[in-house]
Amino acid sequence: MDIKKIKKVELHVHLDGSLNINTISDILKIEKDEIKNKLIADKKCRDLNDYLQVFDLPIKVMQTKESLIRTSKDLIESFINDNVIYAEVRFAPNKHTTILTLDEVITSVLEGIKSLKVKVKLILCMMRGDDFSDNKKIIDLAYKYKDDGVVGIDLAGAEGLYKTSDYLPLFKYASSLNIPFTIHAGEADGIESINAAISAGATRIGHGVRAIESKECINKLKEKNILLEICPTSNIQTGIAPSMELHPIKKLYDSGVKVSINTDNRTVSNVTLNEEYEILVKAFDFTEEDFNKMNAEAIKHSFLSDRDKQELINILKEAS
């Protein structure tokens, strides 16, 4: 198969983890090698918390309208290179308010992701460890901009330090406003975190690969038709699996759990979506039919309208 020609969908990609090295060098007037050392995580980090340390530099850069627009446009270019037909880009607005208001942050990124070549929408991240009121503002922002390019919310951050169950009231509030959500769970924390995400009503789970530790959890995911947003390279970096060959994605897929393939953080993990596909073919002999099936499920589980979903499904069918 020609992986570059496969039409792809990416549901789990962080803007701040996917910055262009050249852009950062230009903005900060720092040598590219120095930026790479600070921005690309080790192939084997101690854990998720160690992996998250490299995000200090991106946050420092993304504090003006110009930088938010420019870094967002850069990400669109990487989607085009990977033949992505639809993407949901996520980021945490509260991290970018040194100068700007929350509304200015949102409108700047929305300006940057405008594209005639790739359909792109935004997911706003609440952060583990932030105050309830700060995270509630993110939900209110998602509601405010739901007709202007924001399609849902997420909960991200240090999962092992802040339990998913502590945030259930926020997701209950989001549900009352009919705001779709995904939740990072089953990465640094285990089955308990995934079960909490399921209880919250998540239709997708970011990572979720530790579901492999429980047949009961796998059955719940299948019963409730929940899709796992799997990021293989990132999972190896954070120590969820010791190697790609031992990554649980194939067992989860074969068991009937819905999965999608994602980069998580294109720069921090130093990987493209094309490369993620290549890695999975080498490790598990996934076929083009498998990838088409995964991308169809990604569209069905996206936060788009039914009409928009059908349009994308038709594009996939035309390509297969």
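**Exercise 1. Which helix holds Asn235? Is Asn235 buried or exposed?**

Before starting, note that this is a predicted model: local features need pLDDT of at least 70, side-chain atom pairs count only at pLDDT 80 or more, and totals for chains, interfaces and linings use all residues. Residues are numbered from 1 along each chain as its sequence is written, and side-chain values use heavy atoms, with hydrogens and water left out.

Solution. 
- Step 1. Asn235 sits in helix α11, residues 232-237. Helices (H or I, at least four residues) and strands (E, at least two) are DSSP runs, numbered from the N terminus.
- Step 2. The relative accessible area of Asn235 is 0%, so Asn235 is buried. Buried means under 20% relative accessible area, exposed over 50%, and partly exposed in between (1.4 Å probe, protein chains only).
- Step 3. Look for partners, leaving aside neighbours within four places in sequence. Asn235 then contacts His207, Val209, Ile230, Ile240, Ala241 and His247. Contact means heavy atoms within 4.5 Å.

**Exercise 2. What is the strand order in the open sheet of 4 strands, and which strands stand at its edges?**

Solution. 
- Step 1. The order is β1-β2-β3-β4, with parallel pairing.
- Step 2. β1 (8-14) and β4 (150-156) each have a single partner strand, so one side of each is left without a neighbour in the sheet.
- Step 3. From one strand to the next, the twist averages 25 degrees. Axes are lines fitted to C-alpha atoms, for helices over the stretch in contact, and angles run from 0 to 180 degrees between N-to-C directions.
- Step 4. Take one pair. β1 and strand β2 (residues 84-91) pair in the parallel sense over 5 bridges. Val9 is bridged to Tyr86 in β2.
- Step 5. Place the helix. Helix α5 (residues 65-81) lies across β1, β2 and β3 (119-127), at about 145 degrees to β2.

**Exercise 3. How many aromatic pairs does a search of the whole structure find?**

Solution. 
- Step 1. The search finds 5 aromatic pairs. Rings of Phe, Tyr and Trp (its six-membered ring) pair if their centres lie within 6.5 Å; planes under 30 degrees apart count as stacked, over 60 as edge-to-face and the rest as tilted.
- Step 2. Classify Phe171 and Phe181. Their ring centres are 4.6 Å apart and their planes at 40 degrees, so the pair is tilted.
- Step 3. Locate them. Phe171 is in helix α8 (residues 168-176) and Phe181 in the loop between α8 and β5, so the pair ties together parts 10 residues apart in sequence. Both residues are buried.
- Step 4. Find the cluster. Tyr253, Tyr277, Phe284, Phe286 and Phe291 form one aromatic cluster.
- Step 5. Turn to charges over rings. Lys146 lies over the face of Tyr143, at 5.5 Å from the ring centre. Arg204 lies over the face of Phe303, at 4.1 Å from the ring centre. The test requires NZ of Lys or CZ of Arg within 6 Å of the ring centre and within 35 degrees of the ring normal.

**Exercise 4. Where do Asn178 and Asn225 lie?**

Solution. 
- Step 1. Recall the background. Most residues other than glycine have a negative phi.
- Step 2. Asn178 is in the loop between α8 and β5. Its phi is positive, near 60 degrees. At 68% relative accessibility, Asn178 is exposed.
- Step 3. Asn225 is in the loop between α10 and β7. Its phi is positive too, about 55 degrees. With a relative accessible area of 38%, Asn225 is partly exposed.

Notes: Two strands pair if DSSP finds at least two bridges between them.
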